[in-house]
Amino acid sequence: MLGSVNSKARPYSAQHHQQPLCTHKHQIGALLLVATTVFFTKLLDRSSLPCSFTPADPVTASRSSVHVTNGGDLLWPHRGYGPVVDLKIYVYDEREIDGLKALMSGRDGAIDSTSCLKGQWGTQVKIHRLLQESRFRTRKKEEADLFFVPAYAKCVRMMGGLNDIEINQTYVKVLSQMPYFRRSGGRDHIFVFPSGAGAHLFRSWAKFINRSIILTPEGDRTDKKDTSAFNTWKDIIIPGNVDDGMTTNGATLVRPLPLSKRKYLANYLGRAQGKAGRLKLIELSKKFPDKLESPELKFSGPDKLGKIDYFEHLRNAKFCLAPRGESSWTLRFYESFFVECVPVILSDEVELPFQNVVDYTQISIKWPSTRIGPELLQYLESISDEIIEGMISRGRQVRCLWAYASESASCSAMHAILWELQRKVRLFHQSTETFWLHDGSIVNRDWVKFSDWRPPMPLP
């Protein structure tokens, strides 16, 4: 039924003339006609696909992992995704919702979005800007598959634009003005929370957006919160915000060193922050200073470690150690791919991006955080340079998935996010405050049709 152009059978009439018998020549001719039709249909389908979302060939299509060709084209497995990205995403404008501008530039509107591109929270701005320019953006709410809610709340909070109470109140105010949010209970709305705090930055997240799609690098906050805001079935882990100077094709801030020229077996570049795993690494570096580098990092004063200095340290080891900090994820994991050292994850609860299609056993190591000690260094020493080169080479193929580049790039984090968002699309939308009648009309409890819902509305 679904694949048919016309599902109605042709009616039979006794008045029809008897058809001639189907001969062997007729059968051969019919088969040739079918084969020719299928061939040209597939040819036209392939020619209409965007080059940056190239479908997999027959060999690649059978794979369950993502594949990047030698030419840099991103091949996403068909299983569970489909052959192409086919999305329509509505991006809310700051002028259409009262309060949205405050979540982007503070209560006084004084915070510039460019200043929010730095650090962990930069992905909030980057994803918003990329969606604004995306060919998958629609300006018609009624045809949208998904809705993107832009907010730079982490940056605004860090720069004094809003405090925690104001952020919470403003989010609630914004949501109460969105009829489509109420229609679906938020299931088709996308929010970005790019820092270690995750969705906890919005204190009432569990009440209001617990059904929404959350993009975050953070999959665990149980060290400080009773529950994690990340749900593996509806949310998407995104890469951290690596400095553009390292992810841009061509000239980069720092280039990788050959393995033979690297001074250390491993390094850890980070502060202790009172965390057990980090403290163990710092002590280990004091016992084995020729194998493990862990310099005292200064972020102010005359000895402040600059951006280039940081990456020059990072590239000077075969393995880059990435322990847990305030939260389970660390930017160092993503940075290591661009200086081409093998990342060693020392964070048991970490969640990694695009796990449906990326096999992390081929490009990284995960070691129990409870076993940090000399045995870790002994294990790393036992790995030959040939194996390390192989892991680096495979990491080099997929690291484009950590870079927030435009859609014109053949492979990027945004491409991968769009593929994952496609899996979240629903044909039907409903919530506890949504009802429907025999004629297909959507109404609320007072029989008001959806087209007539006016803000502010009670939230589901």
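In this predicted model, the side chains of Arg 107 and Glu 166 form a salt bridge, with N and O 2.7 Å apart. Arg 107 sits in the loop between α3 (100-105) and α4 (122-132), while Glu 166 belongs to helix α6 (residues 164-175), so the pair ties together parts that are 59 residues apart in sequence. Arg 107 is partly exposed, at a relative accessible area of 44%. Glu 166 is also partly exposed, its relative accessible area being 22%.

Side chains of opposite charge can pair when their charged atoms come close.

| Pair | Closest N to O distance |
|---|---|
| Arg 183 and Asp 188 | 3.5 Å |
| Lys 234 and Asp 235 | 2.7 Å |

Lys 234 counts as buried because its relative accessibility of 16% is under 20%. Asp 235 has a relative accessibility of 4% and counts as buried too. Salt bridges also link Arg 157, Asp 164 and Arg 203 in a network.

The protein around these pairs has 15 helices and 15 strands. Of its 460 residues, 48% are buried. Among contacts with a separation of 6 or more, 67% are between residues 24 or more positions apart. The accessible surface is about 24,100 Å², and carbon and sulfur atoms account for 53% of that area.

Definitions and conventions: Residues numbered from 1 in each chain as written. Predicted model: local features only at pLDDT ≥ 70, side-chain atom pairs only at ≥ 80, totals over all residues. Heavy atoms only, no water. Helix = DSSP H or I, 4+ residues; strand = E, 2+ residues; numbered from the N terminus. Buried < 20%, exposed > 50% of the residue type's maximum accessible area, 1.4 Å probe, protein only. Contact = heavy atoms within 4.5 Å. Areas by Shrake-Rupley, 256 points an atom, 1.4 Å probe, with all protein chains shown as cover. Salt bridge = Lys/Arg side-chain N within 4 Å of Asp/Glu carboxyl O.
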